Amino acid sequence: MKAHPSNLQSSVFNPQSASSVQKPHVKAPDPELIGQTSKILHAHNLTTVCEAAACPNRTECYARQTATFMILGDTCTRACRFCNVKTGKGSPPDPTEPQRIAQAVKDLELRYVVITSVDRDDLPDLGAGQFVHTVEAIKMMDSSIKVELLTPDFKAKEALLARMVSCGADKLAHNEETVRRLSPSIRPQSDYDRSLATLRYYAEHFKGAVKSSLMVGLGEHETELLETMEALLKVGVTELTLGQYLQPTPHHHPVIHYYTPEWFERMKEKAYEMGFEAVASGALVRSSYRADAL
């Protein structure tokens with residue numbers, strides 16, 4: 001269906017409306033495939049984001065020979081109100097981690113890998129070197145494996161962003177996460193414009209696709225969401241994912257609204273009309289959903 005202007009009017013939702021739409025249904029994962037994958041990951045002392053977040057899409061991704069690994073530990077130097085990763089100062093980067101990931105990729109027979117990380121503002125290079133070493137280890141093992149990097153903003157330091165551009169990755173991504181108005185409260189140690197600057201640098205210097213992701217249900221107006229999508233397009237982002245925010249604990253930002261499947265489909269069509277080249281939009285869509293096909 002086509003999106004009509006009357007359907008795109010500004011609207012903001014109060015907390016009571018979160019119960020007005022049924023919560024997204026989570027499919028049960030394939031226990032055999034999950035078990036096989038977990039055994040290999042544990043053998044290499046690794047955890048995928050898919051496992052750590054109990055992502056509802058992980059069976060589908062594993063079956064497609066894709067997975068997302070989080071490097072640089074499990075402790076983030078930032079404290080975003082949507083994220084359940086613990087905050088603090090992390091351990092020094094593990095020099096064996098890149099090779100362990102590469103071996104796990106081989107053992108799992110993966111063909112597409114997403115590498116992401118916690119924010120490591122405590123490190124001199126903000127963690128950029130570990131991204132580079134991980135890509136190099138995977139590509140050295142098998143250059144045909146596609147690697148997508150979902151990076152922090154690296155404080156938009158061009159010298160660090162340049163390392164991502166030149167490290168051999170096949171796609172670069174950084175998440176804007178939410179609209180300008182909500183960004184200071186949702187991501188207090190990050191910055192809406194700094195994220196745009198990071199994405200702009202990637203788009204201007206990287207030959208491959210550049211992707212970003214947005215969560216919805218945090219209290220945004222639909223017009224604000226469309227403005228953010230326009231801003232992403234303006235800086236050169238060509239691929240977009242839209243997904244429903246789900247509150248991880250009672251201490252995190254509440255879900256203000258659950259959107260319908262029809263709404264997500266309408267926003268997908270709108271995103272294509274705006275000029276995005278690839279879009280994934282749905283309640284259970286996450287940053288790396290069907291990353292190999294997007």
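# A tour of the model, stop by stop

Of the 294 residues in the protein chain, 54% count as buried; buried means under 20% relative accessible area, exposed over 50%, and partly exposed in between, with a 1.4 Å probe and protein chains only. This is a predicted model, in which local features need pLDDT of at least 70 and side-chain atom pairs count only at pLDDT 80 or more, while totals for chains, interfaces and linings use all residues. Residues are numbered from 1 along each chain as its sequence is written, and side-chain values use heavy atoms, with hydrogens and water left out.

**The whole chain**

Begin with the cartoon view. The protein chain has 10 helices and 9 strands. Helices (H or I, at least four residues) and strands (E, at least two) are DSSP runs, numbered from the N terminus. A contact means heavy atoms within 4.5 Å. Among contacts in the protein chain with a separation of 6 or more, 76% join residues 24 or more positions apart.

**Helix H5**

Select residues 128-141, which form helix H5. H5 has 14 residues and reaches 21 Å from its first C-alpha to its last, close to the 20 Å expected at 1.5 Å a residue. The expected span is 1.5 Å times one less than the number of residues in the helix.

Is H5 largely enclosed or open? Of its 14 residues, 10 are buried, so H5 is largely enclosed by the rest of the structure. Among the buried ones are Ala 128, Gln 130, Thr 134, Ile 138 and Lys 139.

**H5 beside H6**

Keep H5 and select residues 158-166, helix H6. Two packed helices are described by the angle between their axes and the distance between the axes. Here the axes come within 10 Å and cross at roughly 10°, which makes H5 roughly parallel to H6. The axes are lines fitted to C-alpha atoms, for helices over the stretch in contact, and angles run from 0 to 180 degrees between N-to-C directions. Angles under 35 degrees count as roughly parallel, over 145 as roughly antiparallel, 65 to 115 as roughly perpendicular, and the rest as oblique.

Which residues meet in this pair? Show side chains for Ala 128, Gly 129, Phe 131 and Val 132 in H5, and for Leu 160, Arg 163 and Met 164 in H6. The residues of this contact divide into 5 nonpolar, 1 polar and 1 charged. In that count Ala, Val, Leu, Ile, Met, Phe, Trp, Tyr, Cys and Pro are nonpolar, Asp, Glu, Lys and Arg are charged, and the others, Gly among them, are polar.

**Two loop residues with positive phi**

Most residues other than glycine have a negative phi, and most peptide bonds are trans. Select Leu 126, in the loop between E4 and H5. Leu 126 is not a glycine, yet has a positive phi of about 60°. At 5% relative accessibility, Leu 126 is buried.

Next, select Lys 155, in the loop between E5 and H6. Lys 155 also is not a glycine and has a positive phi of about 55°. With a relative accessible area of 37%, Lys 155 is partly exposed.

**Helix H10**

Move to residues 261-274, helix H10. Its 14 residues should span 20 Å at 1.5 Å a residue, and the end C-alpha atoms are 20 Å apart, which agrees. The buried residues of H10 include Trp 263, Phe 264, Met 267 and Met 274. They pack against strand E7 (209-216), helix H9 (222-235), strand E8 (239-244) and strand E9 (278-282).

Within H10, pick Glu 269. Glu 269 is buried, with a relative accessible area of 18%. Draw a distance from Glu 269 to Val 279: these residues are 10 apart along the chain, and their C-alpha atoms are separated by 8.6 Å. Just after H10, Gly 275 takes a positive phi of about 130°.

**Pro 248**

Select Pro 248 in the loop between E8 and H10. Pro 248 is partly exposed, at a relative accessible area of 35%. Leaving aside residues up to four places away in sequence, Pro 248 touches Phe 82 and Asn 84. Pro 248 and Phe 82 are 166 residues apart in sequence and 7.4 Å apart in space, C-alpha to C-alpha.

**The cysteines**

How many disulfides does the structure hold? There are 0, a disulfide being a pair of cysteine sulfur atoms within 2.5 Å. Select Cys 76: the nearest cysteine sulfur, that of Cys 80, is 6.4 Å away. Cys 76 is buried, with a relative accessible area of 10%. For Cys 80, the nearest cysteine sulfur is that of Cys 83, 6.4 Å away. Cys 80 is buried at 18% relative accessibility.
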